[in-house]
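Subject: Structure handover

Hello,

Here is the structure I said I would pass on. Please open it next to this email and follow along residue by residue.

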Amino acid sequence: MNYKKYALIKNELSTVFHFISIGHKGNFRKVVVYSPTTNPNVFNLGFGDLKYDSLKQKYIVDDQVTNDNGDIKMILATVVKTAYEFTSANPHITIFFRGSDIRRTNTYKRAIMLNQEELSETFDIFGARMIDNNKIIDEPFDYKKDYDGFLIKRK
């Protein structure tokens, strides 16, 4: 995506990425985590604010928060940058992602639509629908359709 991106700090396996959102409401610690699913060829992309949960006494990814920090394009471009890095290290893995609510899922759909030509140079992009028992069916991405989530795989 042809937008400025934040600097990333990542782990050795390229499965956890940290960055700081800097905007008019302050600085927010963000994290992108790629975690395995029941399908060994599919990893879930989790994204949100890194917060300390004092009850659990550990850090968690809060994917419900809305910061309205004025840098959404830069944040999304940075998340996409992690997908390039993750799939560079793991080219056989397909990434599944969706928003924590319909509004966020539609934001991701719009970002894909606006950058589809560039993204399609590197990735095959699919729209995903959930059916019985959380089974996923996918089809080539079509911006005219609504999806429950998305899958991308490095070409």
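Through how many residues does a hairpin join strand 2 to strand 3? The hairpin between strand 2 and strand 3 goes through two residues. Before the rest, two notes on the source. This is a predicted model, in which local features need pLDDT of at least 70 and side-chain atom pairs count only at pLDDT 80 or more, while totals for chains, interfaces and linings use all residues. Residues are numbered from 1 along each chain as its sequence is written, and side-chain values use heavy atoms, with hydrogens and water left out.

Strands

Helices (H or I, at least four residues) and strands (E, at least two) are DSSP runs, numbered from the N terminus. Two strands pair if DSSP finds at least two bridges between them. Strand 2 (residues 16–23) and strand 1 (residues 9–10) run antiparallel and are joined by two bridges. In this pairing, Ile9 has His18 of strand 2 opposite. Five residues lie between strand 1 and strand 2 in their hairpin, and Ser14 in the turn has a positive phi of about 55°.

Strand 2 also runs antiparallel to strand 3 (residues 26–36), with eight bridges joining them. Here His18 stands opposite Val31 of strand 3.

Pro36 is also part of strand 3. With 59% relative accessibility, Pro36 counts as exposed; the scale is buried under 20% relative accessible area, exposed over 50% and partly exposed in between (1.4 Å probe, protein chains only). Contact means heavy atoms within 4.5 Å. Not counting residues up to four places away in sequence, Pro36 touches Val42 and Phe43. The C-alpha atoms of Pro36 and Ile93 are 9.6 Å from each other, with the two residues 57 residues apart along the chain.

Two asparagines in loops

Asn69 is found in the loop between strand 5 (58–62) and helix 1. Its relative accessible area is 4%, so Asn69 is buried. A polar contact is a pair of N or O atoms within 3.5 Å; within protein, one must be able to donate a hydrogen and the other to accept it, and residues adjacent in sequence count only if both atoms are side-chain atoms. The side chain of Asn69 has such a contact with the side chain of Ser21, at 3.0 Å. A polar atom of the Asn69 side chain also lies 2.7 Å from the backbone nitrogen of Lys25. Beyond four places in sequence, the residues that Asn69 touches include Ile22, Gly23 and Phe28.

Asn115 sits in the loop between helix 2 and helix 3 (116–120). Asn115 counts as buried because its relative accessibility is 9%. Its side chain reaches the backbone oxygen of Ala111 at 2.8 Å. Leaving out residues up to four places away in sequence, Asn115 touches Met1 and Tyr3.

Nonpolar core

A nonpolar core is a set of buried Ala, Val, Leu, Ile, Met, Phe, Trp, Tyr and Cys residues joined through side-chain atoms within 4.5 Å. The largest one has 30 residues, and Val32, Tyr34, Leu45, Phe47, Ile95 and Phe97 have the most contacts inside it. Among the elements that each supply at least two residues of this core are strand 4 (42–53), helix 1 (72–89) and strand 7 (123–131). Helix 1 gives the most, with eight residues.

Aromatic pairs

Rings of Phe, Tyr and Trp (its six-membered ring) pair if their centres lie within 6.5 Å; planes under 30 degrees apart count as stacked, over 60 as edge-to-face and the rest as tilted. The search of the whole structure finds 12 aromatic pairs. Why is the pair of Phe97 and Tyr108 edge-to-face? The ring centres of Phe97 and Tyr108 are 6.1 Å apart and the planes are at 65°, so this pair is edge-to-face. It links distant parts of the chain, as Phe97 is in strand 6 (residues 94–97) and Tyr108 is in helix 2 (residues 102–114), 11 residues apart. Phe97 has a relative accessible area of 12% and is buried; Tyr108, at 17% relative accessibility, counts as buried.

Phe97 and Phe150 have ring centres 5.5 Å apart and planes at 35°, so their pair is tilted. This pair also links distant parts of the chain, with Phe97 in strand 6 and Phe150 in strand 9 (residues 149–154), 53 residues apart. One aromatic cluster is formed by Phe97, Tyr108, Phe141, Tyr147 and Phe150.

Regards
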